[in-house]
Every structure is written in C-alpha cells, then in structure tokens.
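Here is a short briefing on one protein structure. Please look at the sequence and the model before reading on.

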Amino acid sequence: MNVSKYSTGKIYGIRCNTTNLLYVGSTIETLNSRESKHLTDLKGYMGHLNKPRSYRTSFECLMNKNYDYFLIEEYPCESKAELEIRETLHIHNNICVNKMVRKITLEDYDLSTLPSVPSFT
C-alpha cells in the first residue's frame, strides 16, 4: 500500500494576541516543526541570521512575540494541490493577512465542510 506523504496534511493558524490578526497555512510537517520554520524565517528577515529571508505575511502575526499557533483541522489528502485548495477555502472564509492565495474554481469552493477557526477576541 502506497501512502501519500500528504496523509499527514493539516491546516493551521497563527493568531496575534495583540492585534488579533490571523494567518492560515498548511503543512505535512508537525506543527512544531512548521512553527520553527516560520520563526527562523522571521529571524532571517530581521537580520539575525547569515542568510537573509524575504518578507512573509505570517510575520504580521509573529512580530509581537505574542501569538497562538494552533491546528485548525487535520486534512489527510493525496496531493499538494488538494492541501492548498483546503487552505485557500479557510483563507476565503476568514479575515486573514495572507496575500499569496491559490486561485480556485467554483467546484473547489465548498465552505460547508470547513470547521470554524477559533476567535481570540
């Protein structure tokens, strides 16, 4: 049996507790590993690493060092495209800082299957 690496797919959120801004992402990694990569990218962007990093919108939620990093849903699937479509549906269903958003078709757009994203207001 050939199990897809996307069988560990998940959609996660980063919510800034100071500004209440939300970033939505997807990964096949553990949440701790993905969070660590976000923080490494932020350190590189801030000039604290030898290898500079480009700006990413997730930084809007991480800058204050006062954020929650949380699982929105487990989403086992077969491909990166499926995972990105699911991520995009969550982005469209919430007010997010995300700027790079996958284009999806009307057939992809079924918001009725989405769990709600916790509010921290």
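The notes below cover the nonpolar cores, the salt bridges and a surface patch.

This is a predicted model: local features need pLDDT of at least 70, side-chain atom pairs count only at pLDDT 80 or more, and totals for chains, interfaces and linings use all residues. Residues are numbered from 1 along each chain as its sequence is written, and side-chain values use heavy atoms, with hydrogens and water left out.

**Nonpolar cores**

- The largest nonpolar core has 11 residues, including Tyr12, Leu42, Phe59, Tyr67 and Val97.
- Strand S1 (10-16), H2 and S3 each supply at least two residues of this core.
- A second, separate core has 10 residues, among them Ile11, Val24, Ile72 and Ile91.
- A nonpolar core here is a set of buried Ala, Val, Leu, Ile, Met, Phe, Trp, Tyr and Cys residues joined through side-chain atoms within 4.5 Å.
- Buried means under 20% relative accessible area, exposed over 50%, and partly exposed in between (1.4 Å probe, protein chains only).
- Helices (H or I, at least four residues) and strands (E, at least two) are DSSP runs, numbered from the N terminus.
- Tyrosine 67 touches Ile14, Arg15, Cys16, Asn17, Glu35, Leu39, Cys61 and Leu62, leaving aside residues up to four places away in sequence. Contact means heavy atoms within 4.5 Å.

**Salt bridges**

- There are five salt bridges, each a side-chain nitrogen of Lys or Arg within 4 Å of a carboxyl oxygen of Asp or Glu.
- Glutamate 73 and arginine 86 pair at 2.6 Å, N to O. Glutamate 73 is in strand S3 (residues 67-74) and arginine 86 in helix H3 (residues 80-92), so the pair ties together parts 13 residues apart in sequence. Both residues are buried.
- Aspartate 41 bridges to arginine 53, with the closest N and O atoms 3.0 Å apart. The pair links distant parts of the chain, 12 residues apart: helix H1 and the loop between H1 and H2. Aspartate 41 is buried at 12% relative accessible area, whereas arginine 53 is partly exposed at 25%.
- Shared partners join Asp41, Arg53 and Arg56 into one salt-bridge network.
- Lysine 37 and glutamate 29 meet at 2.9 Å, N to O. Lysine 37 is partly exposed at 41%, and glutamate 29 is partly exposed at 24%.

**Surface patch**

- Tyr45, Met46, Tyr55 and Met63 form a nonpolar surface patch with about 370 Å² of accessible area together.
- Accessible areas come from the Shrake-Rupley method with a 1.4 Å probe; for residues, only the protein chains shown count as cover.
- Patches take residues with over 30% relative accessible area and no salt bridge; like charges are joined within 9 Å, nonpolar side chains (Val, Leu, Ile, Met, Phe, Trp, Tyr) within 5 Å.
- Methionine 46 lies in the loop between helix H1 (31-45) and helix H2 (59-62). Methionine 46 is partly exposed at 43%.
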